[in-house]
Each structure stands twice: as C-alpha cells, then as structure tokens.
Amino acid sequence: MTPELVVGFDLDMTLIDSRPGIAATLEALSAETGVAIDAALVVSRLGPTLEEEMANWYPPELVDAVSDRYRELYAELGVPGCAPLPGARDAVEAVAEAGGRNLVVTAKYEPSARKCLAHVGLDVDVVVGWRWGPDKAVTLAEHRAIAYVGDTPSDMAAAGGAGALAVGVPTGPHPTGELRTAGADVVLDSLTDFAAWFHDLRRTREATGGA
C-alpha cells in the first residue's frame, strides 16, 4: 500500500464518546468557580474550541484561566469518562491492516487527546491537537490525508479544504442532512460501516493507480 494512505479522524463524538467525562469536568469547574454551567447544553454542541465554549460562561478576562483549570480537572475526571464509539476500534484497525496510517486531528488539548485514546485503547499513528476549522484543513494537507472522518459541518469543510474525502458520521449533534449540506462526500450511519467503505475505497484507488 502506498505510504500516502493516511486517514484522518476527529476525536470527540467521532472516535470516542467523551460527553460523560466533559460533563463531570464542567460540573467540578462550576462548583469550584461558583459559575453555573449547563453541562448538558455544552455536551450537546461539542466541536468548537474550549476557549470558545468558556466564553459563553465567563467574562473575557477569565476565559484563559478557567480553560487551563478545566484541562487540569479533565485529566482526573474527564479521561475516565471516555468510551470508544461503536466501530471505532475496527475503523482504526482497518486502516492499519491496509498498511495505512491513522491521524487524529482534534480541537482537544493534545495531551488530553492522547490520554483519552490510551484510556479507550485506540492505537493511532499521529495525534494533532488544538486544531479547529481551517486549522484542521492545514494539518490534513500537511499529512496528505486522503480522507477525514468527522461528526460536524466544520469537519466536512476541513476535509474539503485539504482536498480529502469528507466522511461524515452522525454520532455527534449534527444529523446526516447537515453533514451532506456541509460538503460530506459520504455519510456513514456510524463507524461500524467504515471498514466496508474503506475496503471499497482501497479497491477503487488501486484500480485507478491511487488517484
């Protein structure tokens, strides 16, 4: 298999269900700072950066400090609350078994992303954190990813911006229609369908010389 067979994955609500751990961390941060945070609302709209979310609850001058404190708390409370989404392990293994490389590009703080992947037992080749929107596209292009799998419209836009196939999974807050409207080339019901789709993609690429 050609070395440029790199497949990118988003993390939260694509490979892992991080909602319980995020909610637990937010509740601890809320109790510590005395600021009410609607954790259920936050986990219903995962995708943007932590600082962007914190700006909804704290004044601008406190956003950086509370974001840093959240990350400290997340290492203790958030990581244990992560679980792999159905099909995640099979998807990563399908790429590896084909001789490809798995690349995780996420808005999550990179050390936290690595800890979450280790906790759920997902072995990937490269993890790049603190990437959101156009920054994801830059990273995907740098690694020459042929596809990017994600659960948000911004993930679909990032894939398109990098010239990669945009593969949507409606396992996050955005349904199939929104992902298609955002530019998804294909929408899988979940990652349980990824291995079969990837097999067909490989056969097509091999038949066309990798084009």
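Which residues is Leu-191 in contact with, leaving aside its neighbours within four places in sequence? I looked this up in what is a predicted model. Leu-191 touches Phe-9, Thr-14, Leu-15, Pro-86, Gly-87, Ala-88, Ala-91, Val-149 and Val-169.

I then looked up the nonpolar cores. The largest has 52 residues. Leu-191 is among those with the most contacts inside it, along with Phe-9, Leu-15, Phe-194, Trp-197 and Phe-198. I noted another core lying apart from it, with 17 residues, including Val-126, Ala-137, Ala-145 and Ala-166. In general, nonpolar side chains in soluble globular proteins tend to be buried together.

Next I turned to a helix pair. I found helix H7 (residues 134-142) packed against helix H8 (residues 153-161) at an angle of about 40°, with the axes 8 Å apart. That angle makes H7 oblique to H8. The crossing of H7 past H8 is right-handed. On the H7 side I listed Lys-136, Ala-137 and Leu-140; they meet Asp-155, Ala-158, Ala-159 and Gly-161 of H8. Sorted by class, this contact has 4 nonpolar, 1 polar and 2 charged residues. Ala-137 also belongs to the core of 17 residues.

Trp-130 sits in the loop between strand S5 (126-128) and H7. Its phi is positive, about 60°, although Trp-130 is not a glycine. I recorded Trp-130 as partly exposed, at a relative accessible area of 48%. Arg-144 lies in the loop between H7 and strand S6 (145-150). Arg-144 is not a glycine either, yet has a positive phi of about 55°.

How values were computed. Residues numbered from 1 in each chain as written. Predicted model: local features only at pLDDT ≥ 70, side-chain atom pairs only at ≥ 80, totals over all residues. Heavy atoms only, no water. Axes fitted to C-alpha atoms, helices over the stretch in contact; angles between N-to-C directions. Helix = DSSP H or I, 4+ residues; strand = E, 2+ residues; numbered from the N terminus. Parallel < 35°, antiparallel > 145°, perpendicular 65-115°, else oblique. Left-handed = near helix turned anticlockwise from the far one by under 90°. Contact = heavy atoms within 4.5 Å. Nonpolar A, V, L, I, M, F, W, Y, C, P; charged D, E, K, R; others polar. Core = buried A, V, L, I, M, F, W, Y, C linked by side-chain atoms within 4.5 Å. Buried < 20%, exposed > 50% of the residue type's maximum accessible area, 1.4 Å probe, protein only.
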